[in-house]
Structures are given as C-alpha cells and as structure tokens.
Amino acid sequence: MSTNPQAAKLFGHASGRNYLNEGKTIKSWLLTLDHKRIGVMYLIGVTTSLFLAGVFALILRSELFTGTGWFLSEAMYNRMFTLHGAIMVFSFIIPSIPAALGNFVLPMMLGAKDVAFPRLNLCSFYLWVFGTGFLLTAMITNSLDTGWTFYTPYSIRTNTGVLYATMGTFILGFSSIFTGMNFLVTINTMRPAAMTWFKMPLFLWSLYATAIIQILATPILAITLLLLIAERTMHIGIFDPAYGGDPVLFQHFFWFYSHPAVYIMILPAMGIISELIAVYSHKKIFGYSFIAFSSVAIALLGFLVWGHHMFTSGQSGVVTLIFSAITFSVAIPSAVKVFNWLATMYKGSIRLVTPMCYALSFIFLFGIGGLTGLFLGTLSVDIHLHDTYYVVAHFHFVMVGGTLTALLGGLYHWWPKMFGRMYNDFLGRVGCLLVFAGFNMTFFPQFVMGARGMPRRYARYDPEFQIFHQMSTIGAFVLGFGILLAFGVLVYAVFRGRRVGGNPFGAASLEWQSSSPPSYHNFEHKVVLNDPYDFSAMIWDEDIQTWIHRSFVTPEIPAGKKPVPTSDH
Amino acid sequence: MTAADLTAATDDHHDEHHHGPFIAHHFDTPMQQFDSGKLGIWLFLTTEILFFSGLFCAYTLYRYHHPEIFVDASEFLDKILGGANTIVLLFSSLTMAWAVRAAQLGQNKLAGRLILVTMVCAALFLGIKAVEYSHKWDLNIWVISKYNFNADFVPPAPEGAVARALGISQWLVNLSIIPAILFSGFLIGGFVYRGMGNKVVSSFFFGLAIMMSGYFLGAIAGQMYQNSIHEHHDAAHTAAHIPLDHGPAQAADAVTRPQAIGIFFSIYYCMTGLHAIHVMAGMAFLSWLYYRSLRLHWRPDYFGPVDYVGLYWHVVDLIWIYLFPLLYLIK
C-alpha cells in the first residue's frame, strides 16, 4: 500500500488512464495526433517491413547454400536481393529509430506535450504507408531487379516495376523529410528555457543531426527519382546514354543522398547507445560535448564523401583522392564516440541487462563495421574489394550490427516506458546472444570470401566459396531466429509482463519522470529539469517501486524511502 | 515537493491555454507556435531549393558540355512571353507581401482581396505558360527522345472545331479543358451556396472562379500575341536553326545531330514543369488562405499561415527569377 497515492499516480504504473487506453476505437488510433501512438504505429509498420525483407534475405541465403543453383532462377534471385535491399533500406532502417523510437521519446525528453507539428507527424506516417504500399505493389506486380540503387541505364531498360518502386521511394523520402523537419523544429522551439543545448540528452543531439541530414539530403533523392521516372516514361536524355545522357550523373545524384542516408541510419543508433551506456553503467556520460559535436561532425562530413561509392565509375583521379581523404576523416568523430562510451563504462557499476548487452554488442559490431570501412575508403584496396562480398559484409555490420542492434537495445530500454510492463530479461539476453552470434556467423565469412574475390549479387559461385556461403546461410537462420525471439519477448511482455513503475532503470532523462505508460499529455505534473546523466540524483522509492528524482521527495525522508547508497560508483 | 504541491502542479497544468482559438494544445504561447511554424516553413523551403538544385546541376552540366546547343535552343523561347510572366510573378509577390502585412494588422478584408489578386496572377502565369508549351508542341519541340523540329516544318492548321473557330492551337484547347471544368464548377458552386444563403462559401467559390478566369486571360492574351508575331517568328526560327555540327557532343554516334538540341528542351520542360507544379500547389495554398480570410481568422497574434504561404510563394517566384535568364536570356 503506497503511503503517497499522489506520487504513485504520477510516477508509478499508470493502470488508469494513459495514452494506450485514452481512446479505444480503431479510429482513435488511425487518426491520432499523439506522438506516442504515431510512434507505436510506426514501430508496428517498420517491424513488419523488417520481417518481410528478412524473409527475402533468408530466401536468397537459402538459394546460396549451393553454388550451382537450388530453387531460384537467376532472374528470381535478382528480384529477391533487390526487394530485400529496397524494403530494408527505405521502409525499415531509415524510419526505424527516428520515426518509431524517436517519435515516442523525443518530445518526452524535452518535457513537451507533443512534437511541434502533430498533423505533419501523422501525415509523415501515412506517407510511409503509401510509399511502402508502392514498394509492395512493385513487388507483387512485376517485381524489381535493379538492386536497391536503381542504377541507370539498366533501370531505364528493365521491364520490372521500377516506376512503382521509385514512386514509393519518392514518397518515403517525403515521409522522412517531414519527420526530420518536425524533430528539428521541436528541439529548437519546444525545449524548456532552462534546458540549454548542452543539457539535452545525447539522443536528442543525434536526432537533431539526423534531422539536418534528412532535410538537406532527401530532396536530392526526390529529384533524382523524379528525373528517373521522367527518363523511363518520356526518355528525357539526362541519364540515358542513348540520348546523350550521363548515367554516372545518376550515381552522383543518388549517392549524394544515399551516403548521408547511411548516417540517417547510424546516428540515431549512436544516440541510443549513448543513453544506454550511461544508464546501465550508472555513471555520468564521459565527454558529453565531444559526443554531441561528433554527431554534428558526422552529419556534415557525411555530405562530402559520396564519391567513395564511385571509385571505379571513372570519375576523375583528383576527385577520387579527395573523396578518399575525407572518407578517412569520418573515422575521427566515430572513434570519438566509441572511446567516450568505453570511458563511460570504466569504473561504472555496469548492469548486464538486455539493453546493455545490445549496447555492448553494438560497440563491437560497429567497431568492425567502421574499421572495415577504412579499407574500402583506401583507393588501391577498394579497386580490389569493390562490388565484392566485403562491401556487403561491411555495410551489414554497420546497418544490422549497428542500427538494428541499437534499435533492439533501445526497444528493450524504453519498452517498460511505452507499455508499462517488464519483459523477461533472461530470454531478452538469450535473444541478444543469438542475434550477436548469428550475425557474426552470417557476415564474418563474407569478409573472407569478399577479400578472396566473391562478387556481390551473383546467384552462382565457384566451389571454393561454398564453405563460407554455407556458414553464412546457417548464421542467417540463427540471426533470424534471434530477432524473432527478441521481438517475441517484447510482444509477450506487452500482454503478460510484470507491471512496472515510471522509472524502473534509474535513468535520469525527463521521459522517465512520467508514469508508465505515460498519460495522453505525457506529464501530469511540472517536470523538474535535471542533468540527464546525474544518476546520483535518482532515489529508489520502495512504495511505488520506481526511481524518483530527489527533488520530488520531501526533505525529511519518510520511512521506506532511503537514498540508494552511492558509494559503489 | 510534497504530495500537496504535486496536486497543485497538476491542477494549474489544465488552465494554461486561454490564448485565442487557434493555439494548438501543445504550445504554451502564440509566439512559440508562430516561431515553430516559421522555422518549419524555412526548413521546408530549404528542401524545395535543394529539390530544384538537382535540375540546376543537370542544367550546369549539360550547358558546360554543349554550350552551343543552349545558345541556339534558347532562341526558341519567347522573351516577351517569358518576360510578361516574370512581371506577373513579381507583381504577385508584391500583393502577397502586402497581404501578409494586412493579415498582421487583422485587416481580413484587405488581406483576402490581396490574396485573390495573387491567385489571379498565379493562374495568369499558367495561362501564358500554356500558350508557350502549346506553341512548342505545335512545332514538334519535345524532350530529346521525341524532339522532331525541322526548320521547314509548317505547323498544321488547328484540327478541332473549337480550335479552328478560335484560331488557336489544338494543344492549348486540350490544356484548357481542366481549367474550364474547374472554372464552371467553381461558378456553379458559388451560385449554389448563394442560393443556400451561405455568403462566405459562395464568395469563396466566386473567388476561385475569378482565379481561374486569370488563366483564360493569360491564355487568350498570350495566344493573341503569338498569332500576331506568327510570320515573323517562323522566319526567326529558320535563321536561328544553325546546323549543329560544331562543339563536342558526347555519344555522337547514338545521337542524330538535330535531335541533340532536344536536351535543352528536356531540361526546359523539367524545370518549368516542376515550377508550374509548384505554382499550382501555391494556388491551392492561397485558396485556403482566401477562405480563412473570408472567415476573418487573422488577428495580430495569429497570422502565421499567411506568412508561411507568403514565404513559399516568394520562393516559387524566386525560382522563376532564376529560370527566366537561365533559359530565355542565354544569347
């Protein structure tokens, strides 16, 4: 029995009214302007895309179990890897962390009631739905075999559903732009006056940097795809060499967006990791301003390196050299982050709960993904490695080992906040282990065979690569099972999990000052601005089974509430 | 903080919004809402500029590779019509800026009228643009793959009865079908709502009809101009059509020489077409503003939407200010 019913209502488990049961009709979900519900709908959407594209991945990995062809024709194989790539990149990874988790967490981290433009937010979600719908239309009508990059001139000539797919990607681009605009404006204008830039949680810094990229890079993709559509329908001769057009121009345009897009994928992931490492080390984040600025630095440098995707395209030697040099410089802010995370853990009181396990595996996998990027940025080496499985392994280490791992870590971290229920931590960790092991088994052999000359996107291969391909295929199924388990544990928790209070992990950023799940207006009280990384200010409240910021507790500490001893960290 | 304090905090949370009818629930002050919108629209305009930047990039690249094509091809564009459109858009920017000021002062009637003038200018622009397009299509000047102009080509007499009766291009008749449907629909809507006694909505529909009449004004004036210079103009074309056998043309084997000039028109149609789509979107936004002006929504602490759409309209204008010299005034 709680001695303080008011506090229990504000900070505890919200068994009464909360955002989940504020309206019960389907319409109240589909037309909601609440950022939390939009975030949950996005989460359902991107997860569906993840499983769909994951199935394509497993199909093509199964086909590659033998080198001589098993159950797919070459044409079908081309379609499988194209659909896997296009759906994963445009429908899943790019919106995953910002639109699903960011939507839920960002306004709450600011102590705000909503994002700046709630209707634009809903519009962005429906654009995502329509865009994905177009991609799926391409899939079921005539499929798509251009690779997710839509390179000309093949994308002008092939008679597969390029128009649907480019239209879908065009629409998804606007969805991404609107999310970015919304977040940037929200962080600028909805911050409480006392929360200065350097008092923001680092997740917000990374979302801010992401928003800059979404706003500045995505329009270029939009016009590129529009020109490609015009090229396919009217043959305007801008990309089509048959009419004097320049197909390499398409590559320049495409990568001017798609390289920064890589940072749209990884920056929010880094932001999540910054939160997780600090909370589960129960220690103030090390080098706050360095981590913050490194996000912005990565965002800006990301605009200057697109040419490293085109080292073999025949662009000029001088340009190639410059792109290579700038590519190396991206490693600096990335390494700054990694070192600061490690320094944060040093002498922290580390809790190896599921989110922390994901954070640790992120650091390991992103480390490999990042460092192998340096090999690819080296001109002479890249000539050898270009378009081999080495590249495939590299970007999967960044996108899956980085972004997907961070997404799962973030979900496990904020899940009790989103649904007020705790998951089974043991099974969560088992899932994390399976994801980690399966992932490495899938993609580590690909480095080896790539370096030995196995080209990417080939449906058939020589016997010397068979052992690597078979390891990779087995690993892919382990990874798939791990991801299924990870999501299964979370979904089970929504219905059967133990009820938890507002702040079960002792995190100090503002979103944890609400009840779990939060009410429709997020906070039923005035939030107390505090240092998001000052965990010593958090006090365990035995009555309502949650951590509370000490300013909410009366100065004379009543029985049953005692500060947590801080001597152990 | 005690439980009592927390209760107090909870209570005053609920009565902090008495700032007027248009403040969204999640903003604290009208100023915060205005600033958010303003930053948002500037970011959106940034994306718009970047959206066009791909086309400017293509323009630069192909002009660098084929300067002679651009010089020759720009002769096909009519400086008078382009210049008239520039003046129309500049004037509409003036009325738009004035409308923002009127809304800021809460002068809804004046704001509404100025917005209506801006809408008419937008439609006028499209009318003149339609004349330009249809004249080129008459001459078989298309994007590069369908480009089939030849200097001796005599444009056929208009085929349809309507076009023949009016002495105008068949293409212009085709382009004007949708504006004509819209015009009559708006007119009918205006009369229906007037019959129902709904003054605001009927004025709105009549306003839209006036806007669409701007299109016909532009189309008719443009076509009259086009007819008056017809003879003279064709002679100019013949003179301008220098055989394109100089300068390095890429992929020369694949490209038949006279057709290479089509790359200019590919870029011309992409740039002006995308711009025209933005003008149409602007007309939709302006119509929304016009409706809200009729509903007397603007007040000194709430005029954001006029300001935001105004900025958008200025950017659309600005893009044309760049397109005009880049495409029409090369020589």
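Helices here are DSSP runs of H or I with at least four residues, and strands are runs of E with at least two, numbered from the N terminus. With that noted, I looked up chain B and got 13 helices and 0 strands.

Before going on, I noted that this is a predicted model, where local features need pLDDT of at least 70, side-chain atom pairs count only at pLDDT 80 or more, and totals for chains, interfaces and linings use all residues. Residues are numbered from 1 along each chain as its sequence is written, and chains are lettered from A and ligands numbered from 1 in the order in which they are written.

Next I checked burial. Of the 331 residues in chain B, 39% are buried (20 or more other C-beta atoms, placed from the backbone, within 10 Å of a residue's own).

Then I went to the chain pair. I found 37 residues of chain B in contact with 41 of chain A (C-beta atoms, placed from the backbone, within 7 Å). On the chain B side, H2(B) gives the largest share, 15 residues. By class I got 21 nonpolar, 15 polar and 1 charged; Ala, Val, Leu, Ile, Met, Phe, Trp, Tyr, Cys and Pro count as nonpolar, Asp, Glu, Lys and Arg as charged, and the others, Gly among them, as polar.

Last, I looked at one helix pair. H9(B) (residues 199-228) and H12(B) pack at about 145°, axes 10 Å apart; axes are lines fitted to C-alpha atoms over the stretch in contact, and angles run from 0 to 180 degrees between N-to-C directions. Among the residues meeting there are B:Phe204 in H9(B) and B:Tyr290 in H12(B).

Notes
Two residues are in contact if their C-beta atoms, placed from the backbone, lie within 7 Å. A residue is buried if 20 or more other C-beta atoms lie within 10 Å of its own, exposed if 12 or fewer, and partly exposed in between; C-beta atoms are placed from the backbone.
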